[in-house]
Amino acid sequence: MAISSPSLISSLPHHRETITNPLKTDTSNPPNPIPLISRCTSLRELMQIHAYAIKSHLHNHKDPSFITKLINFCTESPTSSSMSYARHLFDAMPEPDIVSFNSIARGYSRYTNPIESFALFVDVLEGGMLLPDHYTFPSLLKACAAFKGIEEGRQLHCLSLKLALDGDIYVSPTLINMYAECEDVDAAERVFERILEPCVVSYNAMITGYARRNRPNEALALFREMQGKSLKVNEITLLSVLSSCSLLGSFGLGRWIHEYAKKHGFCKYVKVNTGLIDMFAKCGSLEDAVSLFEKMRDKDTPAWSAMIVAYANHGEAEKSMLMFERMRCESVQPDQITFLGLLNACSHRGLVEEGREYFSRMVNEFKIVPSVKHYGSMVDLLGRAGRLDDAYRFIDTLPISPTPLLWRILLSSCSSHNDLELAEKVSERIFELDDSHGGDYVILSNLYGRNKKWQDVDSLRKVMKDRRAVKVPGCSSIEVKNVVHEFFSGDGVKSNTPTKLHRALDEMVKELKLAGYVPDTSMVVHADMDDQEKEITVRYHSEKLAIAFGVLNTPPGTTIRVVKNLRVCGDCHNAAKLISVVFGRRVVLRDVQRFHHFEDGKCSCGDFW
């Protein structure tokens, strides 16, 4: 192999003589190629050093420590070529040690095919060559987390127990992370509870697990416990806590975290500032998000993307697109999240041609491969605009197999535009892939009801019951005095003793009716219900309960911020517009799709949602 890199070879004394005539090598004082490894900038240079060691006989090229250093370089930022070379080096070792195995396992865990590390581990164990140590398990468990290999992860957990390593400070956090990523948070909890004195890394793993699995209350409770023990939090802790605040819409706690971050110097981290921007935006305070963004000195792609997404979710499509132009003027490269924000911005405003242009630029100009989410945004864009047939053809001609999610987005648009014929066709495609999602049956059933097809309603409900498909109940939350209160749709409907909240909501509805509110019961499609029963059903929707709670428990003029797990219904949307006028309140409602800012009888969405 030719050696042509001056930056490396110049560090080897008498290198030209050594390469051309190895017999003239002064073996009494051989140069050491090991220090050159840290100066490598490419796999090609590393291979040159390896070749030099072999050809010159100036170093024992089979020395495990030397080979391990070569493997370490290959696995630091793994690629297909570097991992292939690392595996070649490992397989060629006469007696591989656990240090070299740990290095190659770490590389596989960071690479696109992490399961390879587990397969190699099985081979090593069967050969009886190596005994794993506390550095072995973290890489293998990270690999299991990456490919959702919970069975393999459980086997590793059992082995760590046998070797008394499960409580190790390196092993236990990765066990927690593995179970959480494989969606078994209860198992992660059990691992955490077995730790006698959890360190900040273990707390971070559990808090992150809760946040990622949509259990923000538990994450925040653990954060408070961590503070009670005077454990020093780090930026990873804050990012997970901010994510939990975002999920709950906990604006008060989010502002406290911001002050904490400023006081303890965490705002020097771009990731923390980006997390704060995302939190403020998702808690309904776009103003705070913008203010923080504009004050940032250093802005990377995720920071710009967070702001673009924030504007999109708040219905500020023009500002979202303007932010993208500013980003390009700063020569910042967009990524998948950037374009997801732009597509959503266009979708929320019905800007079909602009959305198509962004999708085309993403693929053709920036060479970004679309994900299912990008395809979903395009379906939503076309569907909201009423171009249902175009949306159907778009899904049917995708280069990937359509997922139930894509068809569900179109089904929702069919409901919005009352297209029963296409909805039936789309539902068939959904049920071929997944017939367990209760929401699909509810949307189709409501369409049948609106079109007075009561026999089809009854038939579909029977099918839903037989398949044990369960509808997710509507749930809304509101934070008052740093406490998050949750309400579920239907709470109090059948109660003989209405609560103070229900009486307040009843009085609120009376006042709204005087201002022109007429309950929209068209979505209640039970044929056996009379008009009064239907009105009661829509009255006690979760978002109305949350708004009423806010009006009842906050000073006049206070902004009411509500988070809902589903899309806001038409009746609640109309009611919220009137509440903003009658009670002089600004209402910020975040549903599963976007933000609605109600003020002076109008909504920021322009009734396009």
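**Ground rules.** I number residues from 1 along each chain as its sequence is written, and I leave hydrogens and water out, so that side-chain values use heavy atoms. Because the model is predicted, local features need pLDDT of at least 70 and side-chain atom pairs count only at pLDDT 80 or more, while totals for chains, interfaces and linings use all residues.

**Cores.** I looked up the nonpolar cores, meaning sets of buried Ala, Val, Leu, Ile, Met, Phe, Trp, Tyr and Cys residues joined through side-chain atoms within 4.5 Å. Buried is under 20% relative accessible area, exposed over 50%, and partly exposed in between, with a 1.4 Å probe and protein chains only. The largest core holds 140 residues, and F101, I104, M307, L410 and V426 have the most contacts inside it. Helix α19 (residues 301-313) supplies the largest share of this core, 8 residues. Helices (H or I, at least four residues) and strands (E, at least two) are DSSP runs, numbered from the N terminus. I then listed contacts (heavy atoms within 4.5 Å). Not counting residues up to four places away in sequence, L410 touches V379, L388, A391, Y392, I395 and V426. A second, separate core has 30 residues, including I560 and C569.

I checked pairing next, which requires at least two DSSP bridges between two strands. Strand β3 (residues 560-564) runs parallel to β4, with 4 bridges, and V562 stands opposite L589. Strand β5 (residues 595-599) runs antiparallel to β4, also through 4 bridges; here V587 faces F598. The β4-β5 hairpin has 4 residues between its strands. In a regular strand the side chains alternate between the two faces of the sheet. In β4 (residues 587-590), V587 and L589 point one way, V588 and R590 the other, and all are buried.

**The crossover and K577.** I noted that β3, α32 and β4 make a right-handed β-α-β unit; with the strands pointing away from the viewer, the path from the first strand over the helix to the second runs clockwise. K577 lies in α32 (residues 570-582). Its relative accessible area is 15%, so K577 is buried. Leaving aside neighbours within four places in sequence, K577 contacts F598, G601, K602, C603 and D607.

**Cysteines.** I counted 0 disulfides, taking a disulfide as a pair of cysteine sulfur atoms within 2.5 Å. For C414, the nearest cysteine sulfur is that of C569, 20 Å away. C414 is buried because its relative accessibility is 0%. For C569, the nearest is that of C572, at 3.5 Å. C569 also counts as buried, at 13%.
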